[in-house]
Amino acid sequence: MLVTSGGQFPSFHFLIILFIIVTTVRSGSARITSTFTRSEWPSTDIPLDNEAFAIPKGHNAPQQVHITQGDYDGKAVIITWVTTDEPGSSKVLYGTLEKKYDFSAEGNVTNYTFSNYSSGYIHHCLVHGLEPDTKYYYKIGDGGSSREFWFQTPPKIDPDTSYTFGIIGDLGQTYNSLSTLEHYMQSGAQTVLFVGDLSYADRYEFNDVGVRWDSWGRFVERSAAYQPWIWTAGNHEVEYMPNMGEVLPFKSYLHRYATPYMASQSSNPLWYAVRRASAHIIVLSSYSPFVKYTPQWKWLREELKRVDREKTPWLIVLMHAPMYSSNVAHYMEGESMRAVFESWFVHAKVDLIFAGHVHAYERSYRISNIHYNITNGDRYPIPDKSAPVYITVGDGGNQEGLAGRFVDPQPEYSSFREASYGHSTLEIKNRTHAFYHWNRNDDGKKVPTDSVVFYNQYWARNLQRRRLKRNHIRTIERGTATFC
Ligand SMILES: [Fe+2]
């Protein structure tokens, strides 16, 4: 049964109208290359002695605390932290009341070397069997140096559960990165979908590579210790650095950032899937083999069969290199993955594909190029209602700066693009609608720059679209928010 906003969700029209009134004015048909000029902040990394990287006090105090989803459906978290003086305990104490820890879980500890750097003791602890939609407090570390945090589990898997994701990419550790992170934390979003390129530690050499992974871990702890960050690997995680004797790809990343890959029957932590609230999130690795017959290709083919839009209506894919981007930087680097996977994404009616890599913001219309083969000449993307929207959010603010040059003129498939720092939020309201914002740093959270109401590709594509267009056409024509 198709659920309509006039039936099962009587208050939803009000929400839509409210959203239209308060969001930025934008026509749905015009392509926009924003001319916004950001205020100048240096794209240099914050010095190591800055309080943004403060080391917690006390002997062997846990630092770089972060959590991620620990299973397929959100009833588990993986808690990770680092101790530097000695291994110490890998135990997590947790419970639903503050400072009252009725449960415990035992983790494990690892470490690694990178060039002449030796890591601290990296603890990973799986906490499972959690109740849905419940606030948990947790405590890690020993004696007087122990530290306490909390997180909220997601609601159980349900097609009409509302849930808000943040999307951040290419963050790094500059003052712009800090601005992005602070703005994100004001947004009220509940989980970060991180689209790759974490620390940019590979911009350093020898011992400093590991040192900058450590500083980044302390930098993001303010958010990542309290809500899961769903990790995607980017090119800056590869760290193939033979000049320093390091040739094992993803060495630092894989030691430090765990993923629940086995829960989705993946054989590799770099590609996996999780279900959370009303969303099915697929994470791909742009820098691992993905052509036909490779493990990632075979896994994705099977994972798409496991997607159940009756339970998780929102199908979201994360990758690092965008399949569609009209920026001069990294132009067509995602083309090889597009050639392999785009037809699957269209046939699966994927809602949204988020990527990073390009240090700017861009959102596409629903377009596809799946009819093209190398001889038929049909090589230009065409409007396709079954296709995903492609969104590049590689604008977290790292030390490489912005990618300010777009292909001119703006291609027809590109809806909005701007070279500024920022982050996105996706407010899933129910099985048919989600409110989306891209928020440029310079404005603060109350001035979203690109706002869209997304219709679910499985549930709301046809009937819902016609109904809302009829009801609100005048408002839309006056120019409020894009409907997509
Ligand atoms: Fe990148």
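Me: Where does Phe 250 lie?

Reply: Phe 250 lies in the loop between strand S14 (229-230) and helix H4 (251-256); helices (H or I, at least four residues) and strands (E, at least two) are DSSP runs, numbered from the N terminus. This is a predicted model, in which local features need pLDDT of at least 70 and side-chain atom pairs count only at pLDDT 80 or more, whereas totals for chains, interfaces and linings use all residues. Residues are numbered from 1 along each chain as its sequence is written.

Me: Which peptide bond is cis?

Reply: The bond joining Asp 408 and Pro 409 is cis, with omega about 0°, and Pro 409 is placed in the loop between strand S22 (389-393) and strand S23 (414-418).

Me: How should I describe two packed helices?

Reply: Two packed helices are described by the angle between their axes and the distance between the axes. Here the axes of helix H2 (residues 175-185) and helix H3 (residues 207-224) come within 10 Å and cross at roughly 10°, the axes being lines fitted to C-alpha atoms, for helices over the stretch in contact, with angles from 0 to 180 degrees between N-to-C directions. H2 is therefore roughly parallel to H3 (under 35 degrees is roughly parallel, over 145 roughly antiparallel, 65 to 115 roughly perpendicular and the rest oblique).

Me: Which residues of H2 and H3 meet, and which residues of H2 are buried?

Reply: Leu 181, Tyr 184 and Met 185 in H2 meet Val 220, Arg 222 and Ser 223 in H3, where contact requires C-beta atoms, placed from the backbone, within 7 Å. The buried residues of H2 are Asn 176, Ser 177, Leu 178, Thr 180, Leu 181, His 183 and Tyr 184, and these pack against H3 together with strand S12 (163-168), strand S24 (422-428) and strand S25 (433-440).

Me: In what order do the strands of the sheet with S2 stand?

Reply: Strands pair if DSSP finds at least two bridges between them. In this open sheet of 4 strands the order is S2-S3-S9-S6, with antiparallel pairing; S2 and strand S6 (108-110) are the edge strands, each pairing on one side only, and the twist from one strand to the next averages 20°. H3 packs on the sheet, touching S2 and S3, and the direction of H3 makes about 55° with that of S2.

Me: How many bridges join S2 to S3, and how many residues of S2 are buried?

Reply: Strand S3 (residues 77-83) is joined to S2 by 5 bridges; the bridge partners in S3 include Thr 80 for His 66 and Ile 78 for Thr 68. In strand S2 (residues 63-69), 7 of the 7 residues are buried, so S2 is largely enclosed by the rest of the structure.

Conventions
Contact = placed C-beta atoms within 7 Å. Buried ≥ 20, exposed ≤ 12 C-beta atoms within 10 Å, placed from the backbone.
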